[in-house]
Amino acid sequence: MTNVARPRHQAGRWRQRAATAVFLLPTSFWYFLLLVVPLGILLVFSVGERAPQGGYAPGFTLANFAHLPTRSVAFTNTLFLAAGGTVLCLLVGYPLAYYLATRAGSKKTFLLVLVIVPFWTSFLIRTYAWLTILGSTGVPALLENLGFGKVVLLNTPLAVMIGIVYNYLPLMVFPLYVSLERLDKRLLEASKDLGAARWRTFRQVTLPLTLPGVLSGVVLVFIPIMGEYLIPALLGGGRVFFVGNALVDAFLQSRNWPFGSAMAIGLIFIVLIAVALYLRVGSRGQVRRDISLV
Amino acid sequence: MSSQPGSTTAGRPARGGGARTGLDVAGRWVDRIFRGEAIAIYIFLYVPIALVVIFSFNAGERTGELRGLSLRWYQKALADDFALGALRNSLLVGFWTALIATTLGTMAALAVNRAARPIRVVLEAVTYVAIIIPGIVIAIATLIFYVNFFAWLNPWLQYAWTSMGLGTAPVIQSGLHTIIGAHVVFTMAIVFVLVRARLSGMDRALVEASADLYATPWRTLRQVTLPQLRPAILAGALLSFTFSFDDYIIASFVQGPGQPTLPLFVFGSIRRGITPQVNAIASLILLVTLTALAVVYLVFRRQSQQSSRVPDEVPDDVPDSPAVVLTSGHR
């Protein structure tokens, strides 16, 4: 019996291993060819030189990185507007998530879906919508008729900020809602019974317990804004530009691929720092238990 | 204004004495502020979309000025071969991206826990990189790769063709397939994460029971595992399609000559000057997306009702947003 069973068992194990390999191979190959190798090439290009007619010429120089400060406006724009947009999303989104999770009653699922539906519609169209609203025939004309004088909204940092909050708010509300929903409401009752005022309950019970959701929301919003291109391109009109716009410029217009690669590496670097910070803060104490980026 | 809340308070029987009533009034005001904020946000979210649709019926030449209603821009949009071609391209790219990403991502998620530890760790790490890296960086990196790859490949093809006496070799260049290739990179990562999250929440006992009942691994996969994974797989497919259909930046880098996707076409039209035709196209896209969403929502709802499950507080079966992807590890 054992003599027969053993080879069969081993054959089964081999078959299982082969199946595992077959299942993993396509994905690994795709990742390798279209993510790992391209990022490697990007790294190589970033220390190369610009070919005379544009593109890439082999070389080893750190000049591209040394030149990054020439585009520092793009980097500071990106950082400031991404940070500001994230904070604004949080300030606008938290009360809404709180309302949905604690006060919306039976309609809350429906209302949550309603927040998220715009996120499923085209990003480009949502941004385009603001182009008309903020354009000269939109809100500025309205304000002028009301006697506010001439107002320019389009192609300002404010326009970009509005676009950011509009597009990313759902991403912020969702994790906030999840953490508020899971909050043990008895703790709030207890806090109330112990005589804490509303604001104090919020500050000492609700907010600390939903901090994981806040953190998830902040990361979910901040990271994609860092790579934003469309919003500044449409609502910033070349006057307010992000690293993404500078990248498009470097690759498709001035065709300085090595410099563009260096900028892309810089962008990756900032995003990685943000993620590392998030993981570090997240790993502190109890917070860790409840959150994870993916 | 202020007399109304007072009168309603007075109308209610005050049960808990003066202090309690005072608190309730404050509570009601807090309620009102929250509700007001919520209403304001819904207006903020939906008015721009509504305006896009309204201006699509504009009879005038310019989007911002409403001059009577007409369907002329819809007629023009639907007769525009470029727009229709772009739509066709987008549907193709979205379909193939969703199909490939869902298949490969699910396969990898099913097998990854059986792989050796180093392989698993590397695959997880690369997946996270694929998700967090900005789309623009993926766009640039894949563009550089394609350019170099084609520059290397085409001479070889030419050599092979001529040495076999086949004449001129086909020149491989960018097109819809290059867009699909780049889209699959990160949509596959999303499917992988979603399916794995669902797998980890699955009851292992069922798989073991299936094996005990002499089902082959293949049969267990088909009849036990996959049905349980269906919500995650569907959500992954839907997300992949939406991301792909919606993507502008990656497509703008790796597109082939004369084969724009719909976002590329729309962006180009906006740049050329805004006419209500853009609004008409946008409205049609909205209509299609919202219909698809409603259908998916109803299907998911029916499924969760069939499995006699009360809808969760957090509807984890409803594919909500990419947030689900990034927060699905919560469970």
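Q: Is B:Arg72 buried, partly exposed or exposed, and what relative accessibility does it have?
A: Buried means under 20% relative accessible area, exposed means over 50%, and partly exposed is in between (1.4 Å probe, protein chains only). B:Arg72 has 33% relative accessibility, so it counts as partly exposed. Keep in mind that this is a predicted model, where local features need pLDDT of at least 70, side-chain atom pairs count only at pLDDT 80 or more, and totals for chains, interfaces and linings use all residues. Residues are numbered from 1 along each chain as its sequence is written, chains are lettered from A in the order in which they are written, and side-chain values use heavy atoms, with hydrogens and water left out.

Q: How many salt bridges does the structure hold?
A: Side chains of opposite charge can pair when their charged atoms come close. We call it a salt bridge when a side-chain nitrogen of Lys or Arg is within 4 Å of a carboxyl oxygen of Asp or Glu. Over all chains, there are 6.

Q: Which parts do B:Asp31 and A:Arg103 lie in?
A: Helices are DSSP runs (H or I, at least four residues), numbered from the N terminus. These two side chains form a salt bridge, 2.0 Å from N to O. B:Asp31 sits in helix H2 (residues 17-56) of chain B and A:Arg103 in the loop between helix H3 (72-102) and helix H4 (108-120) of chain A, so the pair joins two chains.

Q: Are B:Arg196 and B:Glu124 buried or exposed?
A: Both B:Arg196 and B:Glu124 are buried. They form a salt bridge too, with the closest N and O atoms 2.7 Å apart.
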